[in-house]
Amino acid sequence: MLRSTVLYVAPDALSWAQWVLADEPILLGDQPVAWTVSARATPDSLPQWNAYFSAGTPHEAVTDFLLALEDRPDPAHGYAGPQAVLDALAGGGWVRDIDTPTAMSDPRLAASMAFTTLPDEGIQDGDPLVLDAEAEAAGWQAWCEPRMGAGLLWAAMFSASTPHDLVAAFAGSLASPAPVLRHTLPESSEGQLTMQPTV
C-alpha cells in the first residue's frame, strides 16, 4: 500500500529520511505527510521513533532537525526533557499558551507547537507502551494556520520517543527571527509576514 523512496540513509544505517507517496496518506490535520524521518538503536532493529512533516513545513526547520540528527552519536535515544523544546521556542520570542503550559505560539498566533496526546492512527513509535491504546502517548505537534478556519499551511508531528533535543533543533529553527528566502508566499499568510528586499 505504501509507496516510498528512501532518499537518504545514514552510513551507519541507524537513521533515514523518506519522501512518502501513499495511496492513503497519513494526515496531519488536513495536510498529508510528505517526509518521514526515522531512527533505530541497531541496524537490525525496528525504528525507535518517527517524525512526520507535510510538504509545506519550512525547509530550514526540517534541515536543522536532520543536521541535529546527523550530529548525534546515538540517534535512537534522547535524555533531554520537553523543557528543551519550550526553551527553544521562548528563545525565538514565542509565547506560552495560558491554558496549556506545554503549548506555545508565535506572537501573531499563526504557528503553534504543543506537547500533547498524539492521534491513535498513523503515528508509529518503538516504545511498546505507546502501542497500548489506553496509554495516550504524548509527543510534539507543530502547525501553521495563518487564518483561523482557513486550513493548515503545514504540519509536523514527532512520535513519543523522538528525542526532545532533536525536536528542540526543529523548534529553534522554526522560531528563529532570522529572515528566510522565499520565491512565492502563500495567500493565507498575507499580513502575517515581515518582508525585506534581498538586494
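Which residues of β10 are buried on one side, and which on the other? W154, A156 and F158 are buried on one side of β10, and A155 and M157 are buried on the other, which leaves both faces covered. Buried here means under 20% relative accessible area, exposed means over 50%, and partly exposed lies in between (1.4 Å probe, protein chains only). In a regular strand the side chains alternate between the two faces of the sheet. Five of the five residues of strand β10 (residues 154–158) are buried, so the strand is largely enclosed by the rest of the structure.

The model is a predicted one: local features need pLDDT of at least 70, side-chain atom pairs count only at pLDDT 80 or more, and totals for chains, interfaces and linings use all residues. Residues are numbered from 1 along each chain as its sequence is written, and side-chain values use heavy atoms, with hydrogens and water left out.

The chain has three helices and ten strands. Helices (H or I, at least four residues) and strands (E, at least two) are DSSP runs, numbered from the N terminus. In order from the N terminus, the elements read β-β-β-β-β-α-α-β-β-β-β-β-α. Of the 199 residues in the chain, 38% are buried. Contact means heavy atoms within 4.5 Å; among contacts between residues at least 6 apart in sequence, 56% join residues at least 24 apart.

Q31 lies in strand β4 (residues 31–39) and touches W154 and A155, among other residues. Its relative accessibility is 17%, so Q31 counts as buried. The side chain of Q31 reaches the backbone oxygen of L152 at 2.9 Å, and a polar contact of 3.5 Å joins it to the side chain of D30. A polar contact is a pair of N or O atoms within 3.5 Å; within protein, one must be able to donate a hydrogen and the other to accept it, and residues adjacent in sequence count only if both atoms are side-chain atoms.

Turning to the helices, the axes of α2 (residues 83–91) and α3 (residues 164–175) come within 8 Å and cross at roughly 10°. That makes α2 roughly parallel to α3, a label for angles under 35 degrees. A84, V85, A88 and L89 of α2 meet H164, V167, A168, A171, G172 and A175 of α3. By class, this contact has eight nonpolar, two polar and no charged residues.

D64, in helix α1 (residues 59–71), is partly exposed at 32% relative accessible area. Leaving aside neighbours within four places in sequence, D64 is in contact with A169 and S173. D64 and L166 are 102 residues apart in sequence, yet 8.7 Å apart in space, C-alpha to C-alpha.

Two loop residues remain. Most residues other than glycine have a negative phi. A13, in the loop between β1 (2–9) and β2 (15–22), has a positive phi of about 60° and is partly exposed at 23% relative accessibility. L109, in the loop between β7 (103–105) and β8 (111–117), has a positive phi near 60° and is exposed at 60% relative accessibility.

Terms used
Axes fitted to C-alpha atoms, helices over the stretch in contact; angles between N-to-C directions. Parallel < 35°, antiparallel > 145°, perpendicular 65-115°, else oblique. Nonpolar A, V, L, I, M, F, W, Y, C, P; charged D, E, K, R; others polar.
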